[in-house]
Amino acid sequence: MDWVQHFIEIARKKPLKVVYPEGDDERIVMAACKASALGIAHPIVLGAEDVIRAAAKKNGASLDGQTHIN
């Protein structure tokens, strides 16, 4: 197991809430989607719901497990 996988496994045992500001940035939305999909965090994305949904849809990502605050 490489060191990145090692830390992912540690994070999965006790995922923390992580706030992602700038939810209008597609890269931020995708980072939150990946963290949620990996089960390493409970993302809270700040931004307009429609913008966040559009970014996820454009990239085929799921918003499951996330909280969005405008």
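Contact, in this talk, means heavy atoms within 4.5 Å. With that in hand, take Cys33. Leaving aside its neighbours within four places in sequence, Cys33 is in contact with Ala56, Ala61, Ser62, Leu63 and Gln66. Please keep in mind that this is a predicted model.

Where does Cys33 lie? Cys33 is part of helix H2. Is Cys33 buried or exposed? Buried means under 20% relative accessible area. Cys33 has a relative accessible area of 5%, so it is buried. Tyr20 is 13 residues from Cys33 in sequence, and the two are 11 Å apart in space, C-alpha to C-alpha.

Next, the core. In soluble globular proteins, nonpolar side chains tend to be buried together. Which residues make up the largest nonpolar core here? There are 11 residues in all: Tyr20, Val29, Ala32, Cys33, Ala35, Ala41, Val45, Ile52, Ala55, Ala56 and Leu63. Two or more residues of this core come from each of H2, S2 and H3. H2 gives the largest share, four residues.

Now helix H3, which runs over residues 49–58. Which of its residues are buried? They are Ile52, Ala55 and Ala56. These three cover an arc of only 95 degrees around the axis, and therefore sit on the same side of H3. On the face turned away from that buried side, H3 carries the exposed residues Asp50, Lys57 and Lys58.

What covers the buried residues of H3? The cover includes helix H2 (26–38), strand S2 (41–46) and strand S3 (67–69).

Let me stay with H2 and H3 as a pair. Two packed helices are described by the angle between their axes and the distance between the axes. For H2 and H3, the axes come within 9 Å and cross at roughly 70 degrees. Angles of 65 to 115 degrees count as roughly perpendicular, so H2 is roughly perpendicular to H3. On the H2 side, the contact is made by Glu26, Val29, Met30 and Cys33. On the H3 side, it is made by Ile52, Ala55, Ala56 and Lys58. Sorted by class, the contact of H2 with H3 has six nonpolar residues, no polar ones and two charged ones.

One more residue of H3 is Val51. Val51 has a relative accessible area of 34%, so it is partly exposed. Not counting residues up to four places away in sequence, Val51 touches Gly23 and Asp24. How far apart are Val51 and Gly23? In sequence they are 28 residues apart; in space, C-alpha to C-alpha, they are 7.6 Å apart.

Last, two backbone angles. Most residues other than glycine have a negative phi. Glu22 is not a glycine, yet it has a positive phi of about 60 degrees. Where is Glu22? It lies in the loop between strand S1 (16–20) and H2. Its relative accessibility is 52%, and therefore Glu22 counts as exposed.

Methods. Residues numbered from 1 in each chain as written. Predicted model: local features only at pLDDT ≥ 70, side-chain atom pairs only at ≥ 80, totals over all residues. Heavy atoms only, no water. Buried < 20%, exposed > 50% of the residue type's maximum accessible area, 1.4 Å probe, protein only. Arc of directions from axis to C-beta. Axes fitted to C-alpha atoms, helices over the stretch in contact; angles between N-to-C directions. Parallel < 35°, antiparallel > 145°, perpendicular 65-115°, else oblique. Nonpolar A, V, L, I, M, F, W, Y, C, P; charged D, E, K, R; others polar. Core = buried A, V, L, I, M, F, W, Y, C linked by side-chain atoms within 4.5 Å.
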